[in-house]
Amino acid sequence: MHLRPRPAAALAATAVGVTALLVPGPAWAGPHQVAGHPDAPLVIAHRGASGYAPENTLAAVDTADAMGFAWVENDVQRTSDGELVVVHDDSLARTTDVEQRFPDRAPWKVQDFTAAEIATLDAGSWFGERWAGARVPTLQQYLRRVDANGQKLLLEIKKPELYPGIERDTLRVLGEEGWLDRRHVRSRLVVQSFGADSVRAVHEQRPDVTTGFLGTPAVADLPAYAAFTDQINPTHTSLTAEYVAAVQALKGAHGKPLRVNTWTVNDAAGAARVAGFGVDGIITNNPDVVRDAVG
């Protein structure tokens with residue numbers, strides 16, 4: 001999806017007077033509390049505040065922080081030399097200048113470039129001139145910025161079938177950066193993936209970590225997923241109130257009711273619709289729009 005940036009003036013106006021959103025208790029605890037609305041869904045900034053800054057960059061994390069959003073989502077992949085980097089597509093072409101920098105290396109797959117090569121790419125100009133020179137962060141850099149901002153992380157292992165063992169690599173970096181201590185694991189970290197085997201691997205290697213499965217399993221299959229995950233996180237186009245209720249009626253891997261965080265909802269009408277279904281969280285490029293709609 002190509003994200004169209006909003007004017008800087010609009011962003012400044014949005015950020016003024018926003019109250020920081022805090023989520024006490026376990027990462028799988030009850031919905032995010034927006035002032036005066038304890039039942040409002042948690043609002044999660046998709047790839048950072050990606051409606052306002054280039055996705056998955058440190059600028060997007062900082063923009064979400066400036067707007068008052070505690071939870072950010074990001075995507076992790078692995079370079080040819082084993083470094084973990086934060087980028088969504090398995091090709092670098094859409095969100096960097098890789099085609100200009102390395103014209104003879106199509107289709108510009110993340111796994112075909114070293115971390116040093118990726119670090120030279122411009123990951124901001126595609127979004128707007130203001131963002132020229134933004135870089136693709138390593139997972140280490142991303143974790144340090146999220147931590148410095150006091151934010152919380154919904155971390156997606158992207159296309160794990162391309163990167164055998166990436167679950168162990170991801171957990172290693174999380175541990176090295178202090179994200180697997182009790183404080184982070186209890187209230188600031190969720191690891192998710194579209195790959196059920198990947199989610200299961202994370203749960204088996206670190207049973208204390210909260211996990212989420214991206215998708216819409218059949219209701220009959222939900223108990224099997226509940227054995228290794230704490231969240232079922234489906235696209236909003238697949239949701240019904242009945243499905244949300246069926247998920248939440250089950251207890252997940254940590255003995256708490258399964259949560260439902262839906263994606264990617266970017267307009268007020270859509271946010272109101274899924275909030276009416278009783279979802280626990282909404283993942284969005286435009287977190288201010290969603291907050292105003294459901295808060």
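Residues are numbered from 1 along each chain as its sequence is written. Local features in this predicted model need pLDDT of at least 70, side-chain atom pairs count only at pLDDT 80 or more, and totals for chains, interfaces and linings use all residues, while side-chain values use heavy atoms, without hydrogens or water.

Helix α6 spans residues 166-176 (helices are DSSP runs of H or I with at least four residues, strands runs of E with at least two, numbered from the N terminus). Its buried residues are Ile-166, Glu-167, Asp-169, Thr-170, Leu-171, Val-173 and Leu-174, where buried means under 20% relative accessible area, exposed over 50% and partly exposed in between (1.4 Å probe, protein chains only). The elements that cover these residues include β2 (71-78), β4 (152-157) and α8 (196-205). After α6 comes Gly-178, with a positive phi near 80°.

The axes of α6 and α8 come within 9 Å and cross at roughly 50° (axes are lines fitted to C-alpha atoms, for helices over the stretch in contact, with angles from 0 to 180 degrees between N-to-C directions). The two helices are therefore oblique to each other, a class left after under 35 degrees (roughly parallel), over 145 (roughly antiparallel) and 65 to 115 (roughly perpendicular). Glu-167, Arg-168 and Leu-171 of α6 make the contact with Ser-198, Ala-201, Val-202 and Gln-205 of α8, contact meaning heavy atoms within 4.5 Å.

Ile-232 belongs to strand β7 (residues 231-233) and, at 0% relative accessibility, counts as buried. Beyond its neighbours within four places in sequence, Ile-232 has contacts that include Phe-213, Leu-222, Tyr-243 and Val-260. The C-alpha atoms of Ile-232 and Thr-211 are separated by 9.1 Å, with the two residues 21 apart along the chain.

The structure holds 17 salt bridges, each a side-chain nitrogen of Lys or Arg within 4 Å of a carboxyl oxygen of Asp or Glu. One of them joins Arg-47 and Asp-75 (3.9 Å, N to O). Arg-47 lies in the loop between β1 (42-45) and α2 (58-66) and Asp-75 in strand β2, so the pair ties together parts 28 residues apart in sequence. Both Arg-47 and Asp-75 are buried.

A salt bridge also links Lys-159 and Asp-90 (3.3 Å, N to O). Lys-159 is partly exposed, at 34% relative accessible area, whereas Asp-90, at 15%, counts as buried. Lys-158 and Glu-156 form a further salt bridge (2.8 Å, N to O), and both are buried. Salt bridges with shared partners join Arg-47, Glu-55, Asp-75, Asp-89, Arg-94, Glu-156 and Lys-158 into one network.
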